[in-house]
Amino acid sequence: ADSSFDLVTLHNLVYYFPVAARVGVFEKLRGFAKPGGALLVTATCRGGSVVSDVLSLWGAQTQGCGRLPDVGELVEQIGRAGWRGAAARRLMPGDSMHRFVARA
C-alpha cells in the first residue's frame, strides 16, 4: 500500500466482508493513509428498522459476506486495526446509518 492519502473512505461496503475479516480490511486501508490521515466509513448497522434487519440477514446468508455490524463492534474493529480515536455518529434520527471516523 502507498501511504500517501489524507483520507481513506469505505462507503456501504463493510457487509461484503465476513465479520472475522473486517479487522484485516481496516488494517489494509490503514496502509493507504499518511500519518495523521483520516478514515471515513459509512455503514448501516444492526437494529433500527426492518430494512436493516433484512440487509443483515442477506449479508449473513451470502457466501463471502457478513451480517451488518453493531456500532460498538465496528468502532472496536477499526481500533484493533491500528486506527486511533475511532468514533461513530448516527447520520439521521431514526435510521441505522452511521459514519465512523478515525486517524492513522
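# Exercises on a predicted fold

Gly72 and Arg80 are exposed residues on the face of helix 3 turned away from its buried side. The model is predicted. Start with that helix.

**Exercise 1. Find which residues of helix 3 are buried, and what they pack against.**

*Solution.* 
- Step 1. Apply the cut-off: a buried residue has under 20% relative accessible area. In helix 3, Glu73, Leu74, Gln77 and Ile78 are buried.
- Step 2. Check their directions. These four cover an arc of only 135° around the axis, so they sit on the same side of helix 3.
- Step 3. Look at the other face. Exposed Gly72 and Arg80 lie there, turned away from the buried side.
- Step 4. List the partners. The buried residues pack against helix 1, strand 2, strand 3 and strand 4.
- Step 5. Step past the end of the helix. Gly82 follows helix 3 and has a positive phi, near 100°.

**Exercise 2. Work out how strand 4 is paired, and with which strands.**

*Solution.* 
- Step 1. Take strand 2, residues 33-44, and strand 4, residues 97-103. They pair in the antiparallel sense, over seven bridges.
- Step 2. Pick a bridge. Leu39 has Ala102 of strand 4 as its bridge partner.
- Step 3. Turn to strand 3, residues 84-90. Five bridges join strand 3 to strand 4, and the two run antiparallel. Ala88 stands opposite Phe100 of strand 4.
- Step 4. Follow the connection. Strands 3 and 4 form a hairpin with six residues between them. In the turn, Gly94 has a positive phi of about 80°.

**Exercise 3. Say which residues have the most contacts inside the largest nonpolar core, and which elements supply it.**

*Solution.* 
- Step 1. Size the core. The largest nonpolar core has 21 residues.
- Step 2. Name the residues with the most contacts inside this core: Phe26, Leu29, Leu39, Leu74, Ile78, Trp83 and Phe100.
- Step 3. Trace the elements. Strand 1 (5-11), helix 1 (22-30), strand 2, helix 3 (71-80) and strand 4 each supply at least two residues of this core.
- Step 4. Zoom in on Trp83. Leaving aside residues up to four places away in sequence, Trp83 touches Phe26, Leu29, Leu39 and Ile78, among others. Its contacts also include Arg30, Arg103 and Ala104.
- Step 5. Link back. Leu74 and Ile78 also belong to the buried residues of helix 3. Leu39 is bridged to Ala102, and Trp83 touches both Leu39 and Ala102.

**Exercise 4. Describe the backbone and exposure of Asn12.**

*Solution.* 
- Step 1. Locate Asn12: the loop between strand 1 and helix 1.
- Step 2. Read phi. The value for Asn12 is near 55°, which is positive in a residue other than glycine.
- Step 3. Classify exposure. Asn12 has a relative accessible area of 33%, so it counts as partly exposed.

Conventions: Residues are numbered from 1 along each chain as its sequence is written. This is a predicted model: local features need pLDDT of at least 70, side-chain atom pairs count only at pLDDT 80 or more; totals for chains, interfaces and linings use all residues. Side-chain values use heavy atoms; hydrogens and water are left out. Two strands pair if DSSP finds at least two bridges between them. A nonpolar core is a set of buried Ala, Val, Leu, Ile, Met, Phe, Trp, Tyr and Cys residues joined through side-chain atoms within 4.5 Å. Buried means under 20% relative accessible area, exposed over 50%, partly exposed in between (1.4 Å probe, protein chains only). Contact means heavy atoms within 4.5 Å. The arc is that of the directions from the helix axis to the C-beta atoms.
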